Amino acid sequence: MQNRKKIFKCMLFVCALFVLAGVFGGVAGKAKEKKTFTVGFDAAFPPYGYQDDSGEYVGFDLDLAQEVCNRRGWTLKKQPIDWDSKDMELKSNTIDCIWNGFTMNGREDKYTWTDAYVDNSQVVLVSKESNIKKLSDLAGKIVVVQADSSAKEALVGDDATKENKDLAASFSKMQEVADYNSAVMNLESGAVDAICMDIGVAKYQTGKHKSLTILDQKISSEGYGVGFYKGNTKLRDQVQETLNEMAADGTVDKIAQKYADYNLPECVCIGKNTDVKETTSAQKEKVSKNTDSDTAQEEHVGFVGKMKQGFANFGNITKQLCKGFGATLSIFFLTMIISLPLGLLVTFGRMTKITPIRWITKIYISIMRGTPLMLQLLVVFFGPYYLFGIKLASTVPHYRFIAVIIGFSLNYAAYFAEIYRSGIESIPAGQREAAKLLGYTRGQTFAKIILPQMIKRVMPPVTNEIITLVKDTSLAFVLSYMEMFTMAQQIAATLTNVMPIFVAGVFYYIFNYLVAFVMELIEKKLNYYQ
Amino acid sequence: MSISVLEMKNVRKSFGSLEVLKDISLNVKEGEVVSILGPSGSGKSTLLRCATQLETMTSGNLSYMGETDPKKMMPYYGLVFQNFNLFPHYSVMKNITDAPIHTQKRNKEEVYQQAEALLKKLGLEGKENAYPCQLSGGQQQRVAIARALAMKPKMLFFDEPTSALDPELTAEILKVLLQLAKDKMTMVIVTHEIDFARHVSDRVVFIDGGVIVEEGKPEDVIDHPSNERTQNFLKKLQRG
């Protein structure tokens, strides 16, 4: 009976926590005034938004946003997001706009847009050595697009032209990748034949990879705008007004000059009377000129050369990854501290004689083990808004991080609970019987007799689970939490080099080696009895 | 006239449709040593588990020293298990002293002195800090006996205390039981060892099919059994 009360109390406590979080969120929401302008961007998208060598988020779009904020007296918050989640982020109010080389064409009705400020066209990136010289040569080839990108939209989207649809149909396969960096790695390694992408990014890639070139023929011409949540015209008008001022006094051009390497000055179209077609043809000339000069200048940089480049950056990469590693560690330790005891509570629920609690716990464990952790993280972060209309994400400070920890802890607690249960059930019934005859209460029996023996028995599977947790922390990327692996991917995109990902791997390995070492020490310590 | 420590009246126990104990009554007087014999599946272990409240009787009455409240009877008896069931993560000393200190709330000093005396009596001097896994089976069983005795029970039950031990170690335990019998400890012993029963007990109870088939002095029941089932059982044992 006492045990039941305890379990009930614990459950109440957990419920109270959730309620408190809600109340706190509500209060925080009211107290906060709209002074922060949060820009959502994909941090692996140079030159519009990316990490520089010191780990700062920079880029043309972020500079523009900063200037807009300066002029309006707002505080700019740069929020890197997972590109696939951009609509959810916008809808749940965690970001005010998407400002990130965001193609308007084909998305006209999905967002409230500013005018186009950059003209961008969709082009095809291929290897110089390939025999693909025009669009029709793409027939029967494997072509890559980024998931949910404007290139994909232009090829197979609802508003795609018939020509483009036919073109896409002629490919042997259209493969989707998460980011351009891995697309380029695919292309260089010969795994795919071509990439369809934005011209700005394509040029950046040809600048870094001399073996690649851009086809003269384009898939489409299009413009970049700032996307707001559909109907948020008030904020759009404010931003548009300031942008127009900036274009009129030449500030936009000045900022674009910083990114001249990417041909940005030529692409800027805000405040200029050129129509898209003219710009496109003007660009076409420049593109071919550029590729010609590239061919003349550079030899093919082989794998070894690239590794050398990577090693030159090694120190810098390590320094940046260290920052991300701190985030990884905080996910890891907080999840452990919460989920290890929480798992015990779940075990009690799973083993109680009170049928409803046992069933609820069973369902909970079943869901946690039966669905991907990635999905659970998304549900924790976006669920409060989509299910209950509570905007926790924008009102509770650090909710992104809190959601990561809640998601991980709930998931791991379920696994730990089942491990604990197997440990408890493997202890001979005679231990409980002996304890009963010696007058121990049920609580004493658990704390003094069962728990210590259970801990020893579950050490090997718990170690396994903890090591998995170290690696699973990288899943926090779906909520765009900047842990080490997300950071490594971003740096890799900026450097167009896989070195950062290797370094991240080394970090994981070393840390897991330490974890295994510590767990082994604990196991040895518990080995004083059999 | 000595009084009854244990009184079991018309005890029945069923597991589902299987009736394991069919109306068993058993009285054990103070200072008496009773051996329970019987083939496997006869219900003797179940009888012990009902007497020690590890199983709940289906019907019948149970009392210790006239006490019938199930919770209040607990301190009157102790049980020594077939496979010892020592706590593997506790040292010998802690195995013996932890329950008296924490469940009986007795004075630490006194409990430790008693434990030392018990260890000495059972030939376990110097093993205070050893862990069960470092001891032989016979030593472990003696620790289990010490643990049960430290609770100062009125009587002790033994559930086949030697069946996990080889003959040499069995002799060790027999010696301990004889000594306890000399000290007038009330004991009920479930066993397969005929010699054991003959040497230690004042009374032998033969159980088969969930009923008491025969009971009496060891020399009568073991050497001149009147019941056919007892005769068959003993014959088989002698042959084996």
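**Where the chains meet**

Guide: The contact draws on 15 residues of chain A and 18 residues of chain B, where two residues count as in contact if their C-beta atoms, placed from the backbone, lie within 7 Å. Keep in mind that this is a predicted model, in which local features need pLDDT of at least 70 and side-chain atom pairs count only at pLDDT 80 or more, while totals for chains, interfaces and linings use all residues. Residues are numbered from 1 along each chain as its sequence is written, and chains are lettered from A and ligands numbered from 1 in the order in which they are written.

Back to the meeting place, on the chain A side. Two helices, α18 (429–437) and α19 (442–472) of chain A, each bring at least two residues to the side that touches chain B. Helices here are DSSP runs of H or I, at least four residues long, and strands are runs of E, at least two long, numbered from the N terminus. The top contributor is α18(A), with five residues. Sorted by class, that side of chain A has eight nonpolar, six polar and one charged residues. In that sorting, Ala, Val, Leu, Ile, Met, Phe, Trp, Tyr, Cys and Pro are nonpolar, Asp, Glu, Lys and Arg are charged, and the others, Gly among them, are polar.

Chain B has a mean pLDDT of 92, with 98% of its residues at 70 or more; pLDDT is the predictor's confidence in each residue, from 0 to 100.

Now for a bit of context in chain A. An unreviewed UniProt entry places "transmembrane region" at residues 325–346, 367–387, 399–417 and 491–511 of chain A; the positions use the numbering here, feature names are shortened, and annotations may be inferred rather than shown by experiment. Take residues 325–346 of chain A: that span is 100% helix and 0% strand, and its end C-alpha atoms sit 30 Å apart. Residues 491–511 of chain A are 86% helix and 0% strand, with end C-alpha atoms 21 Å apart.
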